[in-house]
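Student: I have a model open and would like to learn how to read it. Could we go through some features one by one?

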Amino acid sequence: MVKENVMELVEKGAMLPLMEEFYTIQGEGYHKGTAAYFIRVGGCDVGCHWCDVKESWNAETHPPTHIDSIIANAEKYSDTIVITGGEPLTWDMGPLTHGLKAKNMKTHIETSGAYPLTGVWDWICLSPKKNKLPVGDISKKAHELKVIVYNKHDFIFAEEQAAQVGENCILYLQPEWSVRDKMVPQIVDYVMKHPKWKVSLQTHKYLNIP
Ligand SMILES: C[S@@+](CC[C@H](N)C(=O)[O-])C[C@H]1O[C@@H](n2cnc3c(N)ncnc32)[C@H](O)[C@@H]1O
Ligand SMILES: Nc1nc2[nH]cc(C(=O)O)c2c(=O)[nH]1
Ligand code: SF4
Ligand SMILES: [Mg+2]
């Protein structure tokens, strides 16, 4: 297909730069322990220095893929689909999520909220980032807030972000992986003092699964 056509289809959300798709166990947050099919869409310019998927950032290194084939693959594996990235909201998530819902799949998103919310979602995990704050009303729509704790200031940032979410939103503090030995004791102490928060760990990394 000529480049212009591909760009048009990506613009409409009919094609997406697909980095990888895999069936695994959701490792983090509220749904941890639950089998789910992950769709990792390339492209992110948020720039977290500790990001554990920096290979996702450059969308041009991930092939534009028709959403019909993504949906057909997903359907074979699970009825719970987690869309992650990269930053999935870089792209129009409407067509992909409507297609998944039409086949009765549950749509979950992992997002920083740095771009406007598109798509239809059964579960929104908002993981806000200081360098590109959430936009629009995604904080009010989030089902879980998952703040990554890299240093002490992140507890202050976490409270600022918790002030933006709805009252039923579940609040998580998740240690940044490379500093987990240092930050876990501080997170444990914080959660015991401020029990509206819960601890989230990247359990898939302990289980050695994707
Ligand atoms: C790779 S991001 C992709 C989705 C989206 N860009 C976001 O940041 O929410 C998926 C999840 O992993 C978290 N994450 C990324 N790198 C991490 C790290 N080094 N330690 C702990 N969590 C991390 C993010 O905060 C996010 O909740
Ligand atoms: N097992 C597993 N659970 C996850 N939860 C969020 C992930 C992500 O990278 O978005 C992730 C991931 O990469 N693997
Ligand atoms: S927003 Fe998500 S994908 Fe982008 S750099 Fe941060 S953790 Fe990585
Ligand atoms: Mg991950």
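Student: Where is the place of C44?

Tutor: Keep in mind that this is a predicted model. C44 sits in the loop between β2 (35-41) and β3 (64-66). C48 is found in the loop between β2 and β3 as well.

Student: Which residues does the UniProt annotation "binding site" cover together with C44?

Tutor: An annotation comes from a record, and it is worth checking against the model. The unreviewed UniProt entry gives a "binding site" that covers C44, C48 and C51. In the model, the lining of the largest pocket includes C44, C48 and C51.

Student: Is C44 buried or exposed?

Tutor: Compare the relative accessible area with the cut-off: under 20% counts as buried. C44 has 18% relative accessibility, so it counts as buried. C48, with a relative accessible area of 12%, is buried too.

Student: What does C48 touch, apart from residues up to four places away in sequence?

Tutor: Leaving out sequence neighbours shows what the fold brings together. C48 touches K54, W57, K129 and N131.

Student: Where else does UniProt place the feature "binding site"?

Tutor: The unreviewed entry also places a "binding site" feature at W50, C51, D52, G86, S127, P128 and K129. From this set, W50, C51, D52, G86, S127 and K129 belong to the lining of the largest pocket.

Student: How many residues surround ligand 1?

Tutor: For a ligand, start with its surroundings and then look at single atoms. Ligand 1 is surrounded by 21 residues, and the closest are W50, G86, S127, K129 and E176.

Student: Which atom of S127 lies 2.8 Å from an oxygen atom of ligand 1?

Tutor: For S127 it is a polar side-chain atom that lies 2.8 Å from a ligand 1 oxygen. With T111, a polar backbone atom is 3.4 Å from an oxygen atom of ligand 1. A backbone N or O atom of S112 also lies 3.4 Å from an oxygen atom of the ligand. Taken alone, ligand 1 exposes 540 Å², and the protein buries 94% of that.

Student: What does S127 touch within the protein?

Tutor: Not counting residues up to four places away in sequence, S127 touches T111, S112, K146 and I148. S127 is found in the loop between β6 (123-126) and α4 (138-141), and its relative accessible area of 8% makes it buried.

Student: Is P128 buried or exposed?

Tutor: P128 counts as buried, at 3% relative accessibility. P128 lies in the loop between β6 and α4. Beyond four places in sequence, P128 touches S112, P134, L145, K146, V147, F157 and Q161.

Student: Which residues of helix α3 are buried?

Tutor: An α-helix has 3.6 residues a turn, so residues three or four places apart point the same way. In α3 (residues 94-102), the buried residues are G94, L96, T97, G99 and L100. Their cover includes β1 (15-25), α2 (67-77), β4 (80-85) and β5 (106-111).

Student: What follows α3?

Tutor: Look at the backbone angles after a helix. α3 is followed by N104, whose phi is positive, near 65°.

Methods. Residues are numbered from 1 along each chain as its sequence is written. Chains are lettered from A and ligands numbered from 1 in the order in which they are written. This is a predicted model: local features need pLDDT of at least 70, side-chain atom pairs count only at pLDDT 80 or more; totals for chains, interfaces and linings use all residues. Side-chain values use heavy atoms; hydrogens and water are left out. UniProt positions are given in the numbering used here, feature names are shortened, and annotations may be inferred rather than shown by experiment. On a 1 Å grid over the protein atoms alone, a cavity is a set of points where a 1.4 Å probe fits but cannot get out, and a pocket is an open set with protein on both sides within 12 Å along at least five of seven lines; lining residues have an atom within 4 Å of a point. Helices (H or I, at least four residues) and strands (E, at least two) are DSSP runs, numbered from the N terminus. Buried means under 20% relative accessible area, exposed over 50%, partly exposed in between (1.4 Å probe, protein chains only). Contact means heavy atoms within 4.5 Å. A residue is near a molecule or strand if one of its heavy atoms lies within 4 Å of it. A polar contact is a pair of N or O atoms within 3.5 Å; within protein, one must be able to donate a hydrogen and the other to accept it, and residues adjacent in sequence count only if both atoms are side-chain atoms. Accessible areas come from the Shrake-Rupley method with a 1.4 Å probe; for residues, only the protein chains shown count as cover.
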